[in-house]
Amino acid sequence: MTSPSTGEWTRRALDGDGVARDQLLVRVRPRLVLWAASRMSPELRAAYDAEDVAQEVLLAVHRDFDRLAPRDAGEFLPWLFGVAENRLRDLVDRVRAAKRNGVPLPPPAGRSPSSLAGLREDADRLLRAIAVLPNDYREVLRLRRFEDLASAEVGRRMGRTEGAVRVLYFRAVAALRDAMEANPA
């Protein structure tokens, strides 16, 4: 038996299934961490960890799910990343205010400085690898992995057939892997 897709978990969660909501949030967490890491400036990464940002977003989404989540399953991921974008803006404001006022920010909880440095290096390496990819590769990775769109929807947005999107995605993943291997830690 195969596990339900993210879309199926989303539909069940929006229909009020609490277990599906929890499974959905567990399923989108890695994507949210990567998304946060890709959006965080070095200054923000010095003060906050992408894992912690994702956790805060997921807690807020869990708390407000029944009240604020969209009713259409196709709108869930854009809404989730909108919540995350707002959280990042809040954190940027907090870092800037602390800097203006000369108040040091505490290090992210539960992480040693060396483990944080390793995570930052990994995230930076991934971002550098993504940055050298052609625009179409970056776009197909963003739509498929960050927004979790089906190949048909990605094709519609990119003006390509579903089959062409699958080939493009396969090539983008291979190019990302090659870029990561060419630039080891």
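This is a predicted model: local features need pLDDT of at least 70, side-chain atom pairs count only at pLDDT 80 or more; totals for chains, interfaces and linings use all residues.
Local features required pLDDT of at least 70 and side-chain atom pairs pLDDT 80 or more, whereas totals for chains, interfaces and linings use all residues. Residues are numbered from 1 along each chain as its sequence is written, and side-chain values use heavy atoms, with hydrogens and water left out.

The largest nonpolar core holds 34 residues. A nonpolar core is a set of buried Ala, Val, Leu, Ile, Met, Phe, Trp, Tyr and Cys residues joined through side-chain atoms within 4.5 Å. Buried denotes under 20% relative accessible area, exposed over 50%, and partly exposed the range in between (1.4 Å probe, protein chains only). Within this core, Leu32 and Leu80 touch the most other members. At least two core residues come from each of helices H1 (6–14), H2 (18–39), H3 (42–47), H4 (50–68) and H5 (76–101). Helices are DSSP runs of H or I with at least four residues, numbered from the N terminus. Apart from this core lies another, of 18 residues, including Leu133, Leu149, Val154 and Val165. Beyond its neighbours within four places in sequence, Leu32 is in contact (heavy atoms within 4.5 Å) with Ala54, Val57, Leu58, Leu80, Phe81 and Ala84.

Pockets were located on a 1 Å grid over the protein atoms alone. A pocket is an open set of points where a 1.4 Å probe fits, with protein on both sides within 12 Å along at least five of seven lines; lining residues have an atom within 4 Å of a point. Grid points are joined across faces, edges and corners, and a volume is the space filled by probe spheres set on the points. By class, the lining of the largest pocket has ten nonpolar residues, one polar and seven charged. Here Ala, Val, Leu, Ile, Met, Phe, Trp, Tyr, Cys and Pro count as nonpolar, Asp, Glu, Lys and Arg as charged, and the others, Gly among them, as polar.

The second largest pocket has a volume of about 320 Å³. Of its 18 lining residues, Thr6, Gly7, Asp148, Leu149 and Ala150 lie nearest the centre. H1, H2 and H5 give two or more residues each. The largest share, four residues, comes from H1. This lining divides into six nonpolar, five polar and seven charged residues.

The structure holds 13 salt bridges. A salt bridge is a side-chain nitrogen of Lys or Arg within 4 Å of a carboxyl oxygen of Asp or Glu. Arg160 is partly exposed at 32% relative accessibility, and Asp136 is partly exposed at 35%.

Arg67 pairs with Asp64, the closest N and O atoms being 3.1 Å apart. Because they are three residues apart in helix H4, Arg67 and Asp64 are separated by about one helical turn. Arg67 is exposed at 61%, whereas Asp64 is buried at 13%. Arg21 and Asp22 form a further salt bridge, at 3.6 Å. Arg21 is buried at 14%; Asp22 is partly exposed at 35%. Glu8, Arg11 and Arg12 are linked in a salt-bridge network.
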